[in-house]
Structures are given as C-alpha cells and as structure tokens.
Amino acid sequence: MATRKPELPELHSVDANKLPWEATPSPLAQVKVLMFKDDVLVRLHHFEPGVYEIPHKHGFWQLRYILEGEFILNDQKFGPGSLVDFPENTIYEIKCETGGSWLSLQLKGPNTGIAPSDPYGFSYDFQKNRDPESRRLKT
C-alpha cells in the first residue's frame, strides 16, 4: 500500500460489498445507501424481475446510471451504460421485466430548492397501503 503524502487529505470511501440490502416501499426493490449528506443521496438499487412503479415525481433532481438489466422508463428502453436524467418534478414510471440494478444520485433541485430527505424512499410513498402486487408488472 502506498504511503499518503501528509499534505493530502484522507478521502472517505464506502465499500458497497459490505453494506446490506435494505427494504424500500416496493417489495421488489432494495437499496444500499452509499452516501446521504449535504443534500446529496447516492444509492445502489436492485430490482427483482417484474417491478413496476406507477407514474410519480419528486421535487429534487435525479440521475440514474444503469448497471444491469433493461428498464422501460416513460416508454423508453434503457440498458447497461445508460445515464438517465430526471429533472425535478419530472413525472416518470419504472418497468423492469428482467430485473436489474442502477446507481442513483439525487440532488437538490436547482429550481425548487427541494433536496432528497429520505434515503429509503418511505416518505415518498404516497400510497403506503396499496397491495404489494400492484408493484409487479402484469403479464
């Protein structure tokens, strides 16, 4: 291991492999929160095959980098290597027949000033009592 120069600050890191997958409002999705500070939220998301999230929006800005699987977002198909931009207050729905994962970055909206506030998404679930099967694609 290299010796760090004393004038260079130590950098913080997170080993995602050591973090457990955590529950979300969707029974078919889990997250690992990599960072949540200074109005920035960085998460890994894993989706089981057949996940569906109804159209909704948030007041903050989001970026999603697809790592694996194929996602249909607003009737557009995106696969691994795609970076998808969700400006604040953009209505979107998620469909993923294959299952997959992405890295998400949520930031304070430049126009709304709204920052992400819940790293697991439970406070954003505006229909908490709906049947979990409503989160599965109908075949």
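**Notes on the salt bridges, sheet and core**

1. Starting with Asp 75: at 62% relative accessible area this residue is exposed. Keep in mind that we're looking at a predicted model. Asp 75 pairs with Lys 95 in a salt bridge, with 3.9 Å between the closest N and O atoms. Lys 95 sits in strand β9 and Asp 75 in the loop between β6 and β7, 20 residues apart, so this is a link between distant parts of the chain. Lys 95 itself is partly exposed, at 24%.

2. Lys 95 has another partner: its side chain also meets Glu 93 in a salt bridge, 3.6 Å from N to O. Glu 93 counts as buried, with 12% relative accessibility. Through shared partners, Asp 75, Glu 93 and Lys 95 end up in one network.

3. The whole structure has four salt bridges. One of them joins Lys 108 to Asp 39, with the closest N and O atoms 3.2 Å apart. Lys 108 is in the segment after β10 and Asp 39 in the loop between β2 and β3, so the pair ties together parts 69 residues apart in sequence. Both ends are partly exposed: Lys 108 at 40%, Asp 39 at 36%.

4. On to the sheet: four strands form an open, antiparallel one in the order β4-β9-β6-β7. β4 and β7 are the edge strands. β6 and β7 pair over three bridges, and Phe 71 stands opposite Phe 78 in β7.

5. Last, the largest nonpolar core: 14 residues, with Phe 71, Val 84 and Trp 102 among those with the most contacts inside it. β9 gives the largest share, three residues. Val 84 touches, among others, Ile 66, Leu 73 and Phe 78.

Methods
Residues are numbered from 1 along each chain as its sequence is written. This is a predicted model: local features need pLDDT of at least 70, side-chain atom pairs count only at pLDDT 80 or more; totals for chains, interfaces and linings use all residues. Side-chain values use heavy atoms; hydrogens and water are left out. A nonpolar core is a set of buried Ala, Val, Leu, Ile, Met, Phe, Trp, Tyr and Cys residues joined through side-chain atoms within 4.5 Å. Buried means under 20% relative accessible area, exposed over 50%, partly exposed in between (1.4 Å probe, protein chains only). Helices (H or I, at least four residues) and strands (E, at least two) are DSSP runs, numbered from the N terminus. Contact means heavy atoms within 4.5 Å. Two strands pair if DSSP finds at least two bridges between them. Lists of a residue's contacts leave out its neighbours within four places in sequence.
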